[in-house]
Amino acid sequence: MATEVEFAVSRIASVNPATGEVLGELDSAGPTEVRAAVARARTAQPDWNAWGIRNRIRMVRRFQQILLAHKTDIARRITQEAGKPVVEALVTEVLVVLDAARFLIDNAFAILREEKLPHGNLAVKTKSGRILHEPYGVVGIISPWNYPFSIPSTEALAALVAGNAVVLKPSELTPLIALELQALLREAGVPDDVFQVLPGEGATGAALVGSEIDKLVFTGSVATGRRIAQIAAERLLPVVLELGGKDAMLVLEDADVDVASSGAVWGAFVNAGQTCLSVERCYVHQSLYPAFLEACCAKARKLRVGNGMDPATEIGPMIHERQVRVVESQVEDARQRGARMLAGGTRLRELGPTFFAPTVLADVDHDMRVMQEETFGPVLPIAPFADDAEAVRLANDSDYGLAASVWTRDRARGERLARQIDAGTVMVNDAVSCFSISEAPHGGVKSSGLGRTHGRWGLEEMVRVKYVDSDLLPRMKKIWWFGYGGGFTGEMESFLDLLYARPLWEKLKAGVRCAGALWRRKL
């Protein structure tokens, strides 16, 4: 109990990573507060479900219009707390959420409505089946700091429209924008206890995982995701885990060097490289390798690094100095193992302790940490390959499998290689933007996680599927009930022939032989 009291009075501070300014301080939610919030959500959820899906879709429409009206203010608040340029906050966060709302408005009813299930088996033709999509109840969401608005918003909207209550634990580095989301949802009509935010650090998240939630959606590190999976397995708590990536970019010999290099630079450095879908490994055909390196270096050096509130800024600060140290250690490891540093590679201390120069590394290999571990910083490591088979082998030589990209003038060839890459998403001639395609599923394979968010698949993650079956001849005893008798085995053998034998004359003979089963005496 002393631990809970001590935890309950601890506080977290939201700090602007560009300036060090404290934006606000909040009390951390302790285990007692977490349990109480989940209990309130469970009490409120049945009434929320009773609203009906059409009314919940109307809520999403109101939310969308309220967000649209406040888009600039929300984007600026994201920038203050997460550091990214305001234009990136608009495009990679606000736009993503507006379109996710559009997808739910247009599609949620069709996806979640009750479905009639046809029966192909002749033996059960006298039955009528229905598929129901029922909410889990209380969905817990643990979201990260790198996209503090778009990730929890898209997940929460899907959960809410499906009839669930939501308890959100945001990153301790970006709690204020989660409270902005809460305010927007409440203005749109979501009852207070149906969507709740619990600020706090790892202990708050652990308390949420251990609470009586009905499903958990987690975005974060592999190590934390594995611990969550172990805890969830003890009570078979269903989970969706998005655990990051080490996304590969393959540049084939027929690619446009200017276009592909621009794609690599944006894909590696957007949000200062702090994106689970970042280009973290770039493989270039050896015939293009020198020209590609030169183009990437020239473009990286032109990027303007600074405070994201400055309209001229293209790359903002990293979220925290400890993340900068991770990047520094990987870059130094690569340098010591023989990589060439062609651009960047150092902090920009004149701007502040969290600014790191866009970095291009050449001649990297898989013995280097920068090609094995998730970097989550503005680093573009580039290596050559000889042919398509080697490119695919290198792309698949990773514990991660979130996304990848193939760059080529030949779309069919690109799609052919995409099918050979072990990843949840493979884009041809673009990277990262798959997250903004609301119809497309988001999630990975291997250590990149389990389950999907976004699109139909993400919405279906928020419901349990129930099958309801009604017999249309309730006063008739079924032929497979007891009272088998000596001849029943032969009649059933003939019945199987009636159903599945190929020649028509075999079916006709079988139908005659099995007809007696209809008249046999049953218990």
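The protein chain exposes about 22900 Å², and carbon and sulfur atoms supply 55% of that area. Accessible areas here come from the Shrake-Rupley method with a 1.4 Å probe, and for residues only the protein chains shown count as cover.

Before I go on, a word on the source. This is a predicted model: local features need pLDDT of at least 70, side-chain atom pairs count only at pLDDT 80 or more, and totals for chains, interfaces and linings use all residues. Residues are numbered from 1 along each chain as its sequence is written, and side-chain values use heavy atoms, with hydrogens and water left out.

Now the overall picture. The C-alpha atoms fill a box of roughly 90 × 60 × 45 Å along the principal axes. The chain has 17 helices and 18 strands. Both are DSSP runs, numbered from the N terminus: helices are H or I with at least four residues, strands are E with at least two. Of the 523 residues, 54% count as buried. Buried means under 20% relative accessible area, exposed means over 50%, and partly exposed is in between (1.4 Å probe, protein chains only). Take the contacts with a separation of 6 or more: residues 24 or more positions apart account for 71% of them. A contact means heavy atoms within 4.5 Å.

Next, helix 3. It covers residues 53-69, 17 residues in total. From first C-alpha to last it reaches 25 Å, close to the 24 Å expected at 1.5 Å a residue. That expected span is 1.5 Å times one less than the number of residues. Several residues of helix 3 are buried, including Ile53, Arg56, Phe63 and Leu67. What covers the buried residues of helix 3? The cover includes helix 2 (31-50), helix 4 (71-82), helix 5 (86-112), helix 6 (150-161) and helix 7 (175-187).

Two strands pair if DSSP finds at least two bridges between them. Thr219 has Glu242 in strand 9 as its bridge partner.

Now charges. How many salt bridges does the structure hold? There are 33. A salt bridge is a side-chain nitrogen of Lys or Arg within 4 Å of a carboxyl oxygen of Asp or Glu. Asp258 and Lys299 form one, at 2.8 Å from N to O. Asp258 lies in helix 10 (257-269) and Lys299 in helix 11 (289-302), so this pair ties together parts 41 residues apart in sequence.

Glu328 and Arg347 form another, at 2.7 Å. It links Glu328 in helix 12 (321-336) to Arg347 in the loop between strand 12 (340-343) and strand 13 (359-362), 19 residues apart. Arg347 is buried at 11%, while Glu328 is partly exposed at 26%.

Helix 12 also holds Glu332 and Arg335, three residues apart, or about one helical turn. The closest N and O atoms of their salt bridge are 2.5 Å apart. Glu332 is partly exposed at 30% relative accessibility, and Arg335 is partly exposed at 42%. Elsewhere, salt bridges that share partners join Asp99, Arg102, Asp106 and Glu439 into one network.

Last stop, the surface. Leu472, Leu473, Met476, Leu518 and Trp519 make a nonpolar patch of about 560 Å². Patches are made of residues with over 30% relative accessible area and no salt bridge; like charges are joined within 9 Å, nonpolar side chains (Val, Leu, Ile, Met, Phe, Trp, Tyr) within 5 Å. Leu518 is found in the segment after helix 17 (504-514), and is partly exposed at 45% relative accessibility.
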